[in-house]
Amino acid sequence: MNTRFWRKLCARPLHTLLLAGTALLLAGCASQDITRYANERPPLDLATYFNGKIIAHGIFQDRSGQVVRRFTVDMEGRWDGNQGVLDEHFTYSDGKKDRRIWRLTKHSDGRYTGSADDVVAEVKKALAYYPNLKEIFFDDDTFNYRKARTLELCAELKKLNFTWSCTSRVTTDYETLKAMKEAGCRLLIVGYESGDEQILKNIKKGATVDMARRFTENCHKLGLVIHGDFIVGLPGETRETLRKTIDFAKRLDTETIQVSIAHAYPGTEFYDFAKQNALINIGMADEQGHQLPNVIYPGILEAAELMEW
């Protein structure tokens, strides 16, 4: 039997429950870019990792980082070819117990998916455990990546009559957005990144400015609130591309926006690009924790200018 300890609940398999005031986050730690760890050895194979009996420990934290609940989970994983079952038995510090069964599929490209019923079961339990819950947020960058799965999931979520939000890609079509809205979706966190077509190609976004514009128009029609995310300092950034992004963000007219500075993390193509071109600046934050550019473009965009924009 293996014993493993997760210091933060974010490392718990598949999905996370983070209690934050009256909002509950159902997360799969998907905000982390797993491609960053593609070259790590030994490779992580979930079918091997979650096979047999495992004991894990986890915690619930509020937004301040205070531990509000602890748990131990006894898991047993079983696999038959590419189909797996992860049977979890939870014992919480307040004496409550729970059981959760995941039915998993391993795909040829290395991805793993769980059935819609598993997500719905998580929601049902969350609604039962927290009767004053106002909203659930699905922190999963691939939540609506596959249309068929999203429509299937929304059909089940609609029956539960609750308010929820999630992250979204601008490639999501009107039919899918409509199904999400009818199922109780209120807000989408959307990564637009840039309003410049070439920069979107440089970062292999897989989306265009026109797609982003059409997606936003559809959200406005349906009454879906958008929190737009943008990044400055991506490969190819200039004063002109920054101005394009600013003007683009204004035209989109989303309810709120968030602007971050591009950071090149080791193991990413961006880092390799910056290192090869001597663009890396070691510091990522000042003494107060404010984000600083760690990639600069001498003669084009200096660090101070990126901050000013």
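A residue counts as buried when its relative accessible area is under 20% and as exposed when that area is over 50%. The exercises below apply this and related criteria to a predicted model.

**Exercise 1. The cysteines**

Task: Determine how many disulfides the whole structure contains, and state whether Cys 166 is buried or exposed.

Solution. 
- Step 1. A disulfide requires two cysteine sulfur atoms within 2.5 Å.
- Step 2. The search of the whole structure returns zero disulfides.
- Step 3. For Cys 166, the nearest cysteine sulfur belongs to Cys 185, at 4.6 Å, and Cys 166 is in no disulfide. Cys 185 is likewise in no disulfide, its nearest cysteine sulfur being that of Cys 166.
- Step 4. The relative accessibility of Cys 166 is 0%, so this residue is buried. Cys 185, at 2%, is therefore buried too.

**Exercise 2. The packing of H3 and H4**

Task: Describe how the axes of helix H3 (residues 147–158) and helix H4 (residues 174–182) are arranged, and identify which residues meet.

Solution. 
- Step 1. The two axes come within 8 Å and cross at roughly 20 degrees.
- Step 2. Angles under 35 degrees count as roughly parallel; H3 and H4 are therefore roughly parallel to each other.
- Step 3. The crossing of H3 and H4 is left-handed.
- Step 4. H3 contributes Lys 147, Thr 150, Leu 151, Cys 154 and Lys 158, which meet Glu 175, Thr 176, Ala 179, Met 180 and Glu 182 of H4.

**Exercise 3. The protein as a whole**

Task: State how many helices and strands the protein has, and what percentage of its residues is buried.

Solution. 
- Step 1. The protein has nine helices and 13 strands.
- Step 2. Of its 309 residues, 41% are buried.
- Step 3. Among contacts with a separation of 6 or more, 57% join residues 24 or more positions apart.

How values were computed. Residues numbered from 1 in each chain as written. Predicted model: local features only at pLDDT ≥ 70, side-chain atom pairs only at ≥ 80, totals over all residues. Heavy atoms only, no water. Axes fitted to C-alpha atoms, helices over the stretch in contact; angles between N-to-C directions. Helix = DSSP H or I, 4+ residues; strand = E, 2+ residues; numbered from the N terminus. Parallel < 35°, antiparallel > 145°, perpendicular 65-115°, else oblique. Left-handed = near helix turned anticlockwise from the far one by under 90°. Contact = heavy atoms within 4.5 Å. Buried < 20%, exposed > 50% of the residue type's maximum accessible area, 1.4 Å probe, protein only.
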